[in-house]
Amino acid sequence: MDATTCVKKLGYVGILSFATVDEYGHPQVRSISAVHYEPDAIYFYTARGKNFCRQLLRDGHVQIHALTKYKEMIRLSAVAQPVPNDEQEYWKDVIFREQPYLVNVYPDDTRSIGIIFVIRNAQIEYFNLGVRPIDRAYFTMGDAEPEHKGFEITEECIACGTCQSVCPQGCIEEGDRYHIQPEHCLHCGNCYENCPSEAIVRID
């Protein structure tokens with residue numbers, strides 16, 4: 001698995017959930033299928049009158065979520081930007097050609113009400129619930145900084161084995177200091193809550 005494969009899987013899913021935050025700090029989610037995928041970029045179309053467009057134009061922050069039929073979760077966090085004016089029509093042609101239903105939604109010249117946004121830099125999280133132990137990985141697209149989340153066991157570990165016994169995925173390895181396998185960790189926090197020596201910390 002890598003970033004390119006994750007983006008391809010987004011294309012297979014087709015309809016993606018895009019999340020933004022409105023001017024009141026409330027989360028907003030909508031389904032978007034007017035999307036075109038390049039190996040190093042994601043282009044999508046929305047109308048200028050939509051709240052979604054206003055939120056993107058305000059700061060561009062967006063999170064994209066998809067779940068495949070194999071129970072793979074892909075989450076992409078990024079900043080979307082409008083493509084340059086001289087490229088707008090080109091990418092509209094591409095997206096409208098790939099998504100023929102859009103002609104029914106925006107017939108003739110009404111498609112001019114839309115804006116094409118592009119994502120070039122993104123953090124990508126892959127999470128496969130269809131296997132045991134679960135599989136988790138982080139990737140980046142473009143110049144995005146890698147993301148780190150979950151829990152780790154510090155030097156305060158007394159090697160009592162409590163964390164290992166309560167881990168639902170069995171992803172904690174025994175040792176003088178026990179070790180969480182991050183690629184299989186659920187991030188549920190059960191080890192964190194049950195550690196008698198408070199040796200487990202959250203990674204932020």
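Predicted model: local features only at pLDDT ≥ 70, side-chain atom pairs only at ≥ 80, totals over all residues.

Student: Fine. How many aromatic pairs does the structure hold?

Tutor: It has nine aromatic pairs. One of them is F18 with F44, a tilted pair. The centres are 4.9 Å apart, and the planes make 55 degrees.

Student: What does the F18 and F44 pair tie together?

Tutor: F18 is in strand β1 (residues 16-21) and F44 is in strand β4 (residues 41-47), so the pair connects parts 26 residues apart in sequence.

Student: Are F18 and F44 buried or exposed?

Tutor: Both are buried.

Student: What about Y45 and Y106, how are they arranged?

Tutor: Y45 and Y106 pair edge-to-face. Centre to centre is 5.4 Å, with 70 degrees between the planes.

Student: And where do Y45 and Y106 sit in the chain?

Tutor: Y45 is in strand β4. Y106 is in the loop between α4 (102-105) and β8 (114-119). They are 61 residues apart, so this pair links distant parts of the chain.

Student: How buried are those two, Y45 and Y106?

Tutor: Y45 has a relative accessible area of 3%, so it counts as buried. Y106 is buried too, at 15%.

Student: Which rings link into a cluster?

Tutor: F18, F44, F52 and F117 do, through ring pairs.

Student: Switching to strands. How many residues of β4 are buried?

Tutor: Seven of its seven. Both faces are covered. On one side are A41, Y43, Y45 and A47; on the other are I42, F44 and T46.

Student: What joins β3 to β4?

Tutor: Four bridges join strand β3 (residues 35-38) to β4, and the two run antiparallel. They form a hairpin with two residues between them. Across it, Y37 stands opposite I42.

Student: And how many bridges join β4 to β8?

Tutor: Six, and again the strands run antiparallel. A47 has G114 as its bridge partner in β8.

Student: Helices now. How far does α3 reach?

Tutor: Helix α3 (residues 85-98) has 14 residues and reaches 21 Å from its first C-alpha to its last. That is close to the 20 Å expected at 1.5 Å a residue.

Student: Which residues of α3 are buried, and what do they pack against?

Tutor: Q88, W91, K92, V94, I95 and F96 are buried. They pack against β3, β4, β7 (81-82), α4 and β8.

Student: Q88 stands out to me. What is Q88 in contact with?

Tutor: Leaving aside neighbours within four places in sequence, Q88 is in contact with P82, V83, G114, I115 and I116. Its relative accessibility is 9%, so it counts as buried.

Student: Last one. Where does R75 lie, and what does R75 touch?

Tutor: R75 is in strand β6 (residues 72-79). Not counting residues up to four places away in sequence, R75 touches Q63, I64, Q123, I124, E125 and K149.

Student: How exposed is R75?

Tutor: R75 is partly exposed, with a relative accessible area of 23%.

Student: And how far is R75 from L10?

Tutor: Their C-alpha atoms are separated by 9.4 Å, while the two residues are 65 residues apart along the chain.

Note on methods. Residues numbered from 1 in each chain as written. Heavy atoms only, no water. Phe/Tyr/Trp six-rings, centres within 6.5 Å; stacked < 30°, edge-to-face > 60°. Buried < 20%, exposed > 50% of the residue type's maximum accessible area, 1.4 Å probe, protein only. Pairing = 2+ DSSP bridges. Expected span 1.5 Å × (residues − 1). Contact = heavy atoms within 4.5 Å.
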